[in-house]
Amino acid sequence: MATIDEPLIDMTTIDEEKLGSFMGQAVVDVGTSMAAPLLIIGEKLGLFKAMMKAGPLTSAEVAERAGTSERYTREWLRGQAAGGYVAYDADTDRYTLPDEHALALAVDDSPFYILGIYPAVASVSADVDTLSQRFRTGEGFGWHEHDPRLFSATELFFRPGYAANLVPQWLPTLDGVVEKLEAGAKVADVGCGHGVSTFLMAKAFPNSKFHGFDYHDKSIDRARELAEEEGVAAQCTFEVASAQDFPGDGYDLITHFDCLHDMGDPVGAARHAREVIAEDGSWMIVEPMAADTVQENLNPVGRLYYNASTVICTPASLSQDVGLALGAQAGEAALRQVAEQGGFTRFRRATETPFNLILEARP
Ligand SMILES: C[S@@+](CC[C@H](N)C(=O)[O-])C[C@H]1O[C@@H](n2cnc3c(N)ncnc32)[C@H](O)[C@@H]1O
């Protein structure tokens, strides 16, 4: 054990420039972390929306538009300006939300909208004590066990990306799938969560039938509600069922959106998909963007996914039978192995976005 005379790290060996540069990064990160609740408040109270397309505003004008207290709003605006989220003009003491930032912060259905994720940060923070304990024991922490803000955040965060990509960009890259969906196909959306992907496909392909499955009962309740709201309830069914044994067969298309790596037994899920897919069917696997090696994933997207994976995806998988724990950065090679072990013979990367890998497996 080091004493005061014998420090743990000998300061004479320290590279001051390296220390200064790391401290700079660490302070930025602390500021960013502290900004998370402020972004949740901004979203909840419509502060960014109040600034959208409004040009330069005083704090009193922002507060009036949002129906908030001027003093709180002024402090909030200064924090946002320090983070570069809004622009500040010192001469007029006014704040502006640039249109480019509004796409990420104020337009809910823009593919760039980012605020949906922040309640997930609050959810994980609320579960931090339990998660720390599971780190020691190695026990899992199921999706269903999380503070429920995780579920609505997942819906809000994924929805704009799916709306922009799923029907216009991703499905057309699969082999003959759009033609089948137009004519009338049978689709299983497995691990469907709140069913955003299910209702988007149902709206685009009125001749097809969609069956959403998820082991989490509250997600299935919300999926049914959303299908009603979106006017596609007659085309969709939602059932509580696991990926390893959901009912039905002869599916022309089976989809797993951002969930295969969360499962304890992805090979079992692949095997079951193989059993119930039509002989010329397609299995669409949408996974977080990742390369096959750790070093290639050490970038801002990898940072987001490895961190989310540590507290959400890996514990979710460990909580289930087998507990393979692929992690959210599994990469194409590991996913190919899962599909092949499940009995699929053809596997390819159909397309990709900066956030997602879109894979197609066929019998
Ligand atoms: C990250 S969420 C994705 C939800 C949805 N697919 C989406 O993209 O919005 C992962 C989902 O997988 C579900 N899930 C995890 N393990 C499962 C299993 N073994 N069988 C069925 N669903 C499972 C969870 O309940 C959760 O809804």
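In the predicted model, the buried residues of helix α8 are L150, F151, A153, E155, F157, P160, Y162, N165, L166 and W170; buried denotes under 20% relative accessible area with a 1.4 Å probe, counting protein chains only. Helices (H or I, at least four residues) and strands (E, at least two) are DSSP runs numbered from the N terminus. Helix α8 spans residues 149–170 and has a kink of about 45° centred on Y162, the bend being the angle between axes fitted to the seven residues ending at a residue and the seven starting there.

Y162 is also among the residues that come nearest to the ligand, together with G191, D214, F257 and Q320, out of 19 around it (a heavy atom within 4 Å). Nitrogen atoms of the ligand lie 2.6 Å from a backbone N or O atom of G191, 2.8 Å from one of F257 and 3.4 Å from a polar backbone atom of Y215. The protein buries 97% of the 600 Å² that the ligand exposes when taken alone (Shrake-Rupley method, 1.4 Å probe).

In helix α12 (residues 266–276), eight of the eleven residues are buried, namely P266, V267, G268, A269, A270, H272, A273 and V276. These buried residues pack against β6 (251–257), β7 (277–288) and α14 (332–341), with contact taken as heavy atoms within 4.5 Å.

Residues are numbered from 1 along each chain as its sequence is written, and side-chain values use heavy atoms, without hydrogens or water. Local features require pLDDT of at least 70 and side-chain atom pairs pLDDT 80 or more, whereas totals for chains, interfaces and linings use all residues.

Technical notes: Polar contact = N/O pair within 3.5 Å; in protein donor to acceptor, adjacent residues only side chain to side chain. Buried < 20%, exposed > 50% of the residue type's maximum accessible area, 1.4 Å probe, protein only.
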